[in-house]
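Please consider the model shown below.

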Amino acid sequence: MSEKMDHFDRALLRALQKDATLSQRELADIVGLSQNACWRRLHALRERGLVRGQTVRLDAGALGLKLTVFVMVRTRHHSQEWLQTFRGAVTAIPNVIDFYRIAGDYDYMLKIVAADMNAFDEIYRRLIAQVELDTVTSYMAMEAISDNRDLPI
């Protein structure tokens, strides 16, 4: 964040993280601004790229996606061509909801949601059929203790 934020900007962002469906009037009341001032600030935050859109958080379990798996990947390949192939293969799988290049013992981490172990196995087989990987280790989540937390603003 190259530009400073004041307490009104932070309050706006916190309120939107909690509920992006709030009206301009509701937002203005929460942060203590007029509707026009609230709109101008929100517009400026969007222009600066601090607000990238508005989404709805869905309940994976209620949608039948009861299994969450963290997949750790190690590779011997680090060329740009391999990375493009890997990135394309991973992002083409809609069940991969988070995808990171990481430092440490592994090179990449994927968060995958699936209906059950059989569905996850299909996703796993699809992934390894598309790109050469050195080591793949999967960790099944038993319970989401804290998931999709708001950013600390």
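**A guided reading of the model**

Leu63 is exposed, with a relative accessible area of 56%; here buried means under 20% relative accessible area, exposed over 50%, and partly exposed in between, with a 1.4 Å probe and protein chains only. Leu63 is found in the loop between helix 3 and strand 1, where helices (H or I, at least four residues) and strands (E, at least two) are DSSP runs numbered from the N terminus. Together with Val56 and Leu58, Leu63 makes a nonpolar surface patch of about 350 Å². Patches are made of residues with over 30% relative accessible area and no salt bridge, like charges being joined within 9 Å and nonpolar side chains (Val, Leu, Ile, Met, Phe, Trp, Tyr) within 5 Å. Accessible areas come from the Shrake-Rupley method with a 1.4 Å probe, and for residues only the protein chains shown count as cover.

This is a predicted model, in which local features need pLDDT of at least 70 and side-chain atom pairs count only at pLDDT 80 or more, whereas totals for chains, interfaces and linings use all residues. Residues are numbered from 1 along each chain as its sequence is written, and side-chain values use heavy atoms, with hydrogens and water left out.

The charged side chains come next. Side chains of opposite charge can pair when their charged atoms come close. A salt bridge is a side-chain nitrogen of Lys or Arg within 4 Å of a carboxyl oxygen of Asp or Glu, and by this rule the count comes to 7 salt bridges. One of them joins Arg41 to Asp6, with an N to O distance of 2.9 Å. Arg41 lies in helix 3 (residues 35-47) and Asp6 in the segment before helix 1 (7-18), so this pair ties together parts that are 35 residues apart in sequence. Arg41 is partly exposed, at a relative accessible area of 23%, and Asp6 is also partly exposed, at 29%.

A salt bridge also forms between Arg76 and Asp134, whose closest N and O atoms are 3.3 Å apart. The pair links distant parts of the chain, 58 residues apart: Arg76 is in the loop between strand 1 (67-74) and helix 4 (80-91), and Asp134 is in the loop between helix 5 (117-130) and strand 4 (135-140). Arg76 counts as exposed at 67% relative accessibility, while Asp134 is partly exposed at 33%.

Buried or exposed: how does Lys111 count? At 12% relative accessibility, Lys111 counts as buried. The side chain of Lys111 meets that of Asp147 in a salt bridge with an N to O distance of 3.1 Å. This pair, too, links distant parts of the chain, with Lys111 in strand 3 (residues 108-114) and Asp147 in the segment after strand 4, 36 residues apart. Asp147 counts as partly exposed, at 42% relative accessibility. Salt bridges that share partners also join Asp6, Asp9 and Arg41 into one network.

Helix packing is the next topic. Two packed helices are described by the angle between their axes and the distance between the axes. The axes of helix 1 and helix 2 (residues 24-31) come within 9 Å and cross at roughly 130 degrees. Axes are lines fitted to C-alpha atoms, for helices over the stretch in contact, and angles run from 0 to 180 degrees between N-to-C directions.

Some separations in space complete the tour. Val69 is in strand 1 and is buried, with a relative accessible area of 0%. Val69 and Met117 are 48 residues apart in sequence, and their C-alpha atoms are 9.5 Å apart in space. Asp116 lies in the loop between strand 3 and helix 5 and counts as partly exposed at 38% relative accessibility. Met142 lies in the segment after strand 4 and counts as exposed at 86% relative accessibility. The C-alpha atoms of Met142 and Leu22 are separated by 33 Å, the two residues being 120 residues apart along the chain.
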